[in-house]
Amino acid sequence: MTEAQAPHLEEVEVTPWREYFSFSTDHKVIGIQYLVTSFVFYLIGGLLAELVRTELATPASDFVQRETYNELFTMHATIMIFLWIIPTLTGGFGNFLVPLMIGARDMAFPKLNAIAFWIIPPTSILLLCSFFVGPAAAGWTSYPPLSLMTNKAGEAIWILGVILLGTSSIMAGLNFLVTILKMRIPSMTLNDMPLFCWAMLATSALQLVATPVLSGAMVLLGFDLLVGTNFFNPAGGGDPIVYQHMFWFYSHPAVYIMILPAFGLISEILPVHARKPIFGYQAIAYSSIAISFLGLIVWAHHMFTSGTPDWLRMFFMIATMVIAVPTGIKVFSWVATVWGGKLNLCSAMLFGMAFVSMFVVGGLSGVMVASVPFDIHVHDTYFVVAHLHYVLFGGSVFGIYAGLYHWFPKMTGRMLNEFWGKVHFAMTFVGFNICFLPMHVLGLQGMNRRIAEYDPKFAALNVVCTIGSYILATSTIPFVVNAVWSWLAGPRANSNPWKGLTLEWTVPSPPPVENFEEDPVLAIGPYDYGTPKALDFVAATLAPAPALAADSLE
Amino acid sequence: MQGSTADQNQADIAYAATVETAEHHSEHPDLRLFGFIVFLVSESMLFLGLFVAYFAFRVVTPEWPPEGTEELELMLPGINTIILISSSFVIHKADTAIKQSGDVKAARLWFAITIAMGATFLAGQVYEYNHLGFGLTTNLFASTFYLLTGFHGLHVFVGLLLMSTVLWRSRVPGHYSETSHFGIEATEVYWHFVDVIWIVLFLILYLL
């Protein structure tokens, strides 16, 4: 890491911070803009979660009013999904990494890329401003007719916000799809691509295909709310179930939009820190595509209790369980990759391995709730809350943290402090499990979600959950301090601190504006660790920049 | 690159190679057209979602259209359909003119005619809206009718804006040429898309 500080490091300029506040079309700047903006919203969404958990520390609704409670969990979910996980994984990591990994100088449509990002800040401010008029309070699913009856102004803002963020998401997806398919260096076939690019390809396809349907649903809901049509209002002859179908046609794939890029990040991180070739490259690559296809045809498993006919429930149950197959392929490939490797247990690797284990827990409870009889038992209980947090926090967020630790040197040109990274990891891992593990039990015992008051018999476990959530909240402090301090004054990183083999490690940290002086040529597969070629490759990336080398030869 | 046609071919190949490698980060027409078609795939999903919702509403409603809803006249929308379908052929002539001979003048003329036809379609739609016996909130059928046709009308309007932009830009000599005509090509593809959506819409709403 820091010991490999070659003299040429001084040559590389760290990007001036003002760059990150400008309307830049550079994919690296936009990527970091996404990451920082979303992280701020992670903190805000986390604050809302803490208010929710504080309310739930006691059985009575004594901390906030019931209505306020509804607003809090609605906005918590909305912010975490639409302003934290999706923008961070696709916009943040996707933007920063994809062009570098495929040897391109920028995204296919740099201006579109900038527009997609700059939709987000005003929209998120708009969403936050809804707190002045009473924000949406019908849950992030906004099921009608409830959503048509509570907090109309907040609901209208919510609908507008979701449409705008969806537009941004479609723009980003389009850009990635074209970039990955058309902008690879000539020597790179699809099967030479790093797995993160495969994951982004599958994710982008989902964004493109599923998001417009959500926009359609939002337009109809907006008309119901503001104009007085009755698309979803049974009182006027409408059908709220149609809303559920349209909503979940997006929102189920959305969980894959939130997890596939994290799969991709993990597939990059594990081989580097285990110093082993990835196990089953093609299996991991194609399973991403399989997951995104299957993800599109299983939406109604969220509606087992909505009066869906039996034959349809059978189909959706089986199709949903089938997704466990490609997902299992990935998990076994990761385990086989790490198996017998020479592990470098740095923060990125710790988060990476925690990702695999925690995601397995979430995935298994996912198979459980996929089965109709079990789902009917635990529907809308804390079991579902536990499941989704194991997938979205134990999965996506752990993946994001792993990615942040892994690529921080590349993004900023500075190393993060490993000690505080490990403190952060330990607190997050422990706090996360204390917070969400007991929720499985609460759910099985029948505690409903989305209610401010509950039966006192659930009180003890809820206190445990709340304590866990406080640990989890506190755990972000070492990370934020570490990141800010390291970015300003951390030790300089060389171009390849982890000795990785993908193309982003061949350019200086942080990469120059044009990424590559000339088109890189593939010298080695992305995961050929442990071969003599790999040693040469790493040596070449650590050597002084080519221009300097040429000078010294003369 | 001067000299015989063989040299010119060499130069073309060399140019293509540069586009492929050294400048593959710049937006060359292939990339833009591909991106535009991907965008239209996304747009199709929006309409597909609305179409499926239409059928779902239709299935849950006991009588469709509900008792007492005024019958839809076929005359005006029928003429409108013919106008829109023929405008697709007209805009294709513009595309052919620019691709085959770089004839910007002809392309401008065909675009102007397409604008006129699209505007007529929209005017017809507005006229129809004004003379229908039901409003947006009358019943579920009426709401879906206005929403679907309205959404399509919005897309026609955007098409008119695109064509006007092309006309505005083509006033600069050399802006569009035999080799560089992404704006014209994309507008044409978009217009065909709007046309196809209308055909499906017409079938579903008026004939089925």
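Predicted model: local features only at pLDDT ≥ 70, side-chain atom pairs only at ≥ 80, totals over all residues.
Local features are given only at pLDDT of at least 70 and side-chain atom pairs only at pLDDT 80 or more, whereas totals for chains, interfaces and linings use all residues; side-chain values rest on heavy atoms, with hydrogens and water left out. Residues are numbered from 1 along each chain as its sequence is written, and chains are lettered from A in the order in which they are written.

**View 1. The interface of chain B and chain A.** On chain B, 27 residues are in contact with 39 residues of chain A, contact meaning heavy atoms within 4.5 Å. Between them the two chains bury about 2700 Å², 78% of it on carbon and sulfur atoms, where buried area is the accessible area (1.4 Å probe) lost on putting the two parts together, summed over both.

**View 2. Polar pairs and the chain B side of the interface.** One residue pair is in polar contact between chain B and chain A, both residues being at pLDDT 80 or more; a polar contact is a pair of N or O atoms within 3.5 Å, and within protein one must be able to donate a hydrogen and the other to accept it, while residues adjacent in sequence count only if both atoms are side-chain atoms. Helix 2 (29-60) and helix 5 (140-169) of chain B each supply at least two residues of the side that touches chain A, and the largest share, 15 residues, comes from helix 2. Helices here are DSSP runs (H or I, at least four residues), numbered from the N terminus.

**View 3. The cis peptide bonds.** In chain A, a cis peptide bond joins A:Pro144 and A:Pro145, with omega about 5°, and A:Pro145 is placed in the loop between helix 3 (110-129) and helix 4 (146-149) of chain A. In chain B, the peptide bond from B:Trp64 to B:Pro65 is cis, with omega near -10°, and B:Pro65 is placed in the loop between helix 2 and helix 3 of chain B.

**View 4. The backbone at A:Arg450.** Although A:Arg450 is not a glycine, this residue has a positive phi of about 60°. A:Arg450 is found in the loop between helix 14 (418-445) and helix 15 (459-489) of chain A.
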